[in-house]
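Here is a guided walk through one protein model. Keep the sequence and the 3D view side by side as you read.

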Amino acid sequence: MIIYEGKSVFSGIAIGKLSVYKKNEQTVKREKVADVEAEVARYADAREKTIEQLQALHDKAVKEVGEAGAEIFEAHQLMVEDEDYIESVENIIRSQCVNAEFAVAETGDNFQKMFLEMEDEYFRGRAADIKDISERIINCLLGGGSGGIESDEPVIVVADDLAPSETVQMDKDKILSFVTVHGSANSHTSILAKTMNIPAIIGCPVPLTDEMNGKEAVVDGFEGKVYVDPDPDILAEKKKLLLKEQEKKALLQQLKGKENVTLDGQKINLYANIGNTKDLALVLENDAGGIGLFRSEFIYLGSDDYPTEDEQFAIYKQVAQTMAGKKVIIRTLDIGADKQADYFNLPHEENPALGLRAIRICLTRPDVFKTQLRAILRASAYGKISIMFPMIISVDEVKKIKEIVAEVKKELDEIGVDYDKNIELGIMIETPAAVMMAEELAKEVDFFSVGTNDLTQYTLAIDRQNQSLDEFYDSHHPGLMKMLKMVVDGAHKGGAWAGICGELGSDLTLTKEFLAMGYDELSVSPGRILPLRKIVLETNVGEYKKEKGLE
């Protein structure tokens, strides 16, 4: 038995086999070959394997997001079979007597440069597609897999770290737990683990070797330990803990259907945060009152080009219809900082967390913004949708946003498209500037939702992704708590309701504090809904205020 220790970011017990997740990035070397025709044949075989992978991805996408969202994989199949691309690869192999991997890499680079130099924006966007298919073919040539989870049973995923674009493409049904060598407590891997209600450990020095694949292991999210090839007594002990956890979950199930009301009659809405349509099952399973944060940027991160209006509309419509009249708050795209999509071609920035991101991209690229707004407004005819705008710092920004929304509404009116004329508009409070302007901002919108992850980062001047600063990162900082009280007070004075959709909303040690502050809503990972409801039902807010001297 070998024990590896790290930092737990979500508690629980997982028992299963390890699966080492490796990125598709491969090192390509130029090598001379004697038999060029054999190398051409290798390339043909790799091409066929790539097409099979793309077909499998297409079929999976159809089930999860519909035909429109799966079209990109059909387009990639056609590009793999493009005659000009094939001829270029084969010509480099034959004329230079080089290995197929090098020929594919060279062709990919040449075609990518060619597309990037074109004036037409559509063709420039194809450059990212060329890069993707070239990497897939090279991966097949080098004997790699498709870059996903290659297992027929649920596994413990072990990785160096995971980017948002990687987590969004994973098959969630096959994941028992996450263990990463790097990453921070606020990384997207951590957020995904919380959404899925599975244990996760970061900063854990598990070797990412082929030998680790398939080994039996136990992840203890309470202790922050991973037991590889556990001894029989350890395995028996952890199985008992797992059983207790399952029993606790069963007891929580009895809270389904109950109203979120404290002992002294204070009501609060408990909504769920999700990243894609596949999370809807978790929302319904955990009895959330609605969706307080639909992270629409994951639609962009899962695409190789700007998603079209119809592609987005199909997804938003599905969410609205599935929630059957319950509130669905869609956050407009929050690209930038740690969430990058190559086709946006964002400039390199020394400090991207303070750079071109979120609403700043939307206001500087109104065509992209309007496309998303049209899709959301069209979907609002099929359910109770609200729109939320991230990273707001001023009243002027909100007024500009409202002007753009009015323009989009007018366009839809002119062509007779139905939508919710009274759709709620809200903003995220993530900056100290927005906190200080809370009352003025509340007069412009219907609601606030506090993004505590970024608000903590900007208030403490600590990069929340920087693992080496974890000891300085205090999410319960008194200054932050004062800000959260200022936000809800300012919202109510200005006539708006206020919620929290950041990770602090899931912190069960703060639930009573948020009730005392007067928050109207908490939006959390689906698996946190019932534990939160238990605390709400057992709390007397008046008594809590007296105990804390808040009255």
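Start at Ala 461, which lies in the loop between α16 (452-460) and α17 (478-494). Helices (H or I, at least four residues) and strands (E, at least two) are DSSP runs, numbered from the N terminus. Ala 461 counts as exposed because its relative accessibility is 69%; exposed means over 50% relative accessible area, buried under 20%, and partly exposed in between (1.4 Å probe, protein chains only). Its phi is positive, about 55°, although Ala 461 is not a glycine. Most residues other than glycine have a negative phi. Asp 287 also has a positive phi, about 65°, and is not a glycine. Look for Asp 287 in the loop between α8 (280-285) and β10 (291-295).

A word on the source. The model is predicted: local features need pLDDT of at least 70, side-chain atom pairs count only at pLDDT 80 or more, and totals for chains, interfaces and linings use all residues. Residues are numbered from 1 along each chain as its sequence is written, and side-chain values use heavy atoms, with hydrogens and water left out.

Now turn to the helix pairs. Two packed helices are described by the angle between their axes and the distance between the axes. Axes are lines fitted to C-alpha atoms, for helices over the stretch in contact, and angles run from 0 to 180 degrees between N-to-C directions. Helix α12 (residues 366-379) packs on helix α13 (residues 395-414) at about 60°, with the axes 10 Å apart. The two are therefore oblique to each other (under 35 degrees is roughly parallel, over 145 roughly antiparallel, 65 to 115 roughly perpendicular, the rest oblique). In α12, the contact residues include Phe 369, Leu 373 and Leu 377; in α13, they include Ile 401, Ile 404 and Val 408. Contact means heavy atoms within 4.5 Å.

Helix α2 (residues 83-96) and helix α3 (residues 100-116) pack at about 130°, with axes 9 Å apart. That angle makes α2 oblique to α3. Among the residues that meet are Tyr 85 and Ile 92 in α2, and Phe 102 and Phe 111 in α3.

Which residues touch the most other members of the largest nonpolar core? They are Phe 389, Phe 448 and Tyr 519, in a core of 90 residues. Such a core is a set of buried Ala, Val, Leu, Ile, Met, Phe, Trp, Tyr and Cys residues joined through side-chain atoms within 4.5 Å. A second, separate core has 29 residues, including Val 40, Tyr 85, Phe 115 and Cys 140.
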